[in-house]
Amino acid sequence: MEQILRNFFLFLSKNKFFTKLAKKYGLRFGAGRFVAGETVENAANAIQQLNQKGMAVTVDHLGEFIDSKEEARQAADECVEMIKKIAEQNLDSQLSLKMTSMGLDISEQLVMENMRKILDAGEKHGVFVTIDMEDYERCQKTIDIFKELKEEYDNIGTVIQAYLYRTVGDIEELNSYRPNLRLVKGAYKESPKVAFPDKKDVDENYKKIIKMHMMNGNYTAIATHDDEMIQYTKQIEKEHNIPRDQFEFQMLFGIRTERQEELVKEGYKMRVYVPYGDDWYGYFMRRLAERPANVAFVIKGVFGK
Ligand code: FDA
């Protein structure tokens with residue numbers, strides 16, 4: 001049943017009609033639990049509150065399925081505005097973004113133009129930018145863009161997904177760039193031709209890449225809510241004397257907030273991924289797919305409580 005629900009929500013997450021409808025009608029159905037609000041101000045307030053609790057942030061202006069150059073440029077301008085806001089209010093926050101929102105499905109040249117604008121602003125204001133990883137179809141293109149931009153900028157990182165068969169090879173290949181990588185299990189619906197269908201294989205591969213990237217001496221963000229993976233990271237830290245300024249934990253806004261606070265108390269760096277904006281639908285559906293128990297929030301949302 002859980003697998004059916006998971007596939008159902010991942011299917012819904014790609015629906016362009018619902019995406020547009022959601023934008024029009026604003027945050028609904030309990031999505032406010034996972035999305036900090038619709039404006040830059042809402043996001044800045046959420047960041048400030050997390051910073052006060054000793055947590056760093058990476059903020060994401062939500063956006064997928066961009067159809068026009070104009071929309072992609074607007075999305076890039078939003079990112080620049082957010083970077084300026086971070087600097088102006090002296091917030092402890094990085095920025096995350098998706099290549100499709102920068103126009104990846106339109107042209108790579110457009111993405112590069114938008115990315116350089118954002119990375120220049122990030123460089124000027126000391127804000128690090130992470131390129132989120134989307135579905136498999138866009139994985140190679142995203143890695144190629146990352147590599148090209150990494151030759152020009154220091155303030156850029158990307159994400160590697162443990163569920164893909166290619167992942168260990170990517171970690172090996174990217175090592176020469178000394179990259180700051182966020183490691184995740186992977187959130188999209190992929191074919192068994194390219195991704196492990198069984199959770200236990202994904203978990204095993206996740207542990208493998210955590211160890212590889214940390215032992216290579218690269219900065220590692222372990223982005224998971226899974227205690228087993230957190231425990232494993234701590235084990236690697238102890239066994240191999242990895243300094244605490246070489247890695248951090250990351251979790252999503254609104255998920256396992258108590259655990260986030262505990263990790264801060266234990267002296268670990270904790271970064272919360274804070275999404276905001278009116279294009280919340282696809283992100284929200286992927287969160288429901290990860291944990292169908294969250295559907296209870298939707299039902300409450302639909303029935304007004
Ligand atoms: P998993 O879903 O296997 O859950 C493991 C355990 O964690 C559960 O059994 C439970 O114990 C606990 N848990 C999980 N959710 C919980 C909840 N709501 N409440 C209580 N316990 C809970 N993906 C991607 O493809 N590209 C990307 O760029 C990113 N970026 C990203 C950034 C950050 C900061 C995070 C945390 C995650 C991503 N992801 C992502 C999403 C990622 O790929 C993955 O889908 C989710 O993190 C869920 O996987 P977990 O590792 O949390 O474990």
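Trainee: What share of the contacts in the protein chain with a separation of 6 or more is accounted for by residues 24 or more positions apart?

Mentor: In this predicted model, residues 24 or more positions apart account for 73% of the contacts in the protein chain with a separation of 6 or more. The protein chain has 305 residues, of which 41% are buried, and its secondary structure consists of 12 helices and eight strands.

Trainee: How many strands form the barrel, and in what order do they run?

Mentor: As a general idea, strands of a sheet pair through backbone hydrogen bonds, either parallel or antiparallel. Here eight strands form a closed barrel in the order 1-2-3-4-5-6-7-8, and the pairing is parallel. Neighbouring strands of this sheet are turned against each other by 30° on average, with direction ignored.

Trainee: Over how many bridges do strand 6 and strand 7 pair?

Mentor: Strand 6, residues 220-223, pairs with strand 7 in the parallel sense over four bridges.

Trainee: Is strand 7 mostly covered or mostly exposed?

Mentor: Strand 7 is mostly covered, since five of its six residues are buried. Strand 7 also gives the most to the shell around the ligand, with three residues.

Trainee: Which strands each supply at least two residues of that shell, and which residues come nearest to the ligand?

Mentor: At least two shell residues are supplied by each of strand 4 (156-161), strand 5 (181-184) and strand 7 (247-252). There are 22 residues around the ligand, and those that come nearest are Asp132, Val184, Ala187, Thr224 and Asp226. By residue class, the shell divides into 10 nonpolar, five polar and seven charged residues.

Trainee: Which residues touch the most other members of the largest nonpolar core?

Mentor: The general idea is that, in soluble globular proteins, nonpolar side chains tend to be buried together. In this model the largest nonpolar core holds 80 residues, and Ala43, Met102, Leu183, Val272, Val274 and Phe284 touch the most other members. Helix 4, residues 69-88, contributes the largest share of this core, namely seven residues.

Trainee: Which residues other than glycine have a positive phi?

Mentor: Asparagine 90 is one of them, with phi near 55°, and its place is in the loop between helix 4 and strand 2 (93-97). Arginine 256 also has a positive phi, of about 55°, although it is not a glycine, and its place is in the loop between strand 7 and helix 10 (257-265).

Trainee: Why is asparagine 90 classed as exposed, and why is arginine 256 classed as partly exposed?

Mentor: Asparagine 90 is exposed because 9 other C-beta atoms lie within 10 Å, and the exposed class covers counts of 12 or fewer. Arginine 256, by contrast, is partly exposed because 15 other C-beta atoms lie within 10 Å, and a residue would need 20 or more to be buried.

Trainee: Where is glutamine 235 found, and why is it partly exposed?

Mentor: Glutamine 235 is found in helix 9, residues 227-239, and it is partly exposed because it has 13 other C-beta atoms within 10 Å. The C-alpha atoms of glutamine 235 and lysine 14 are separated by 38 Å, and these two residues are 221 residues apart along the chain.

Definitions and conventions
Residues are numbered from 1 along each chain as its sequence is written. This is a predicted model: local features need pLDDT of at least 70, side-chain atom pairs count only at pLDDT 80 or more; totals for chains, interfaces and linings use all residues. A residue is near a molecule or strand if its C-beta atom, placed from the backbone, lies within 6 Å of it. Ala, Val, Leu, Ile, Met, Phe, Trp, Tyr, Cys and Pro count as nonpolar, Asp, Glu, Lys and Arg as charged, and the others, Gly among them, as polar. Two strands pair if DSSP finds at least two bridges between them. Axes are lines fitted to C-alpha atoms, for helices over the stretch in contact, and angles run from 0 to 180 degrees between N-to-C directions. A nonpolar core is a set of buried Ala, Val, Leu, Ile, Met, Phe, Trp, Tyr and Cys residues joined through C-beta atoms within 7 Å. Two residues are in contact if their C-beta atoms, placed from the backbone, lie within 7 Å.
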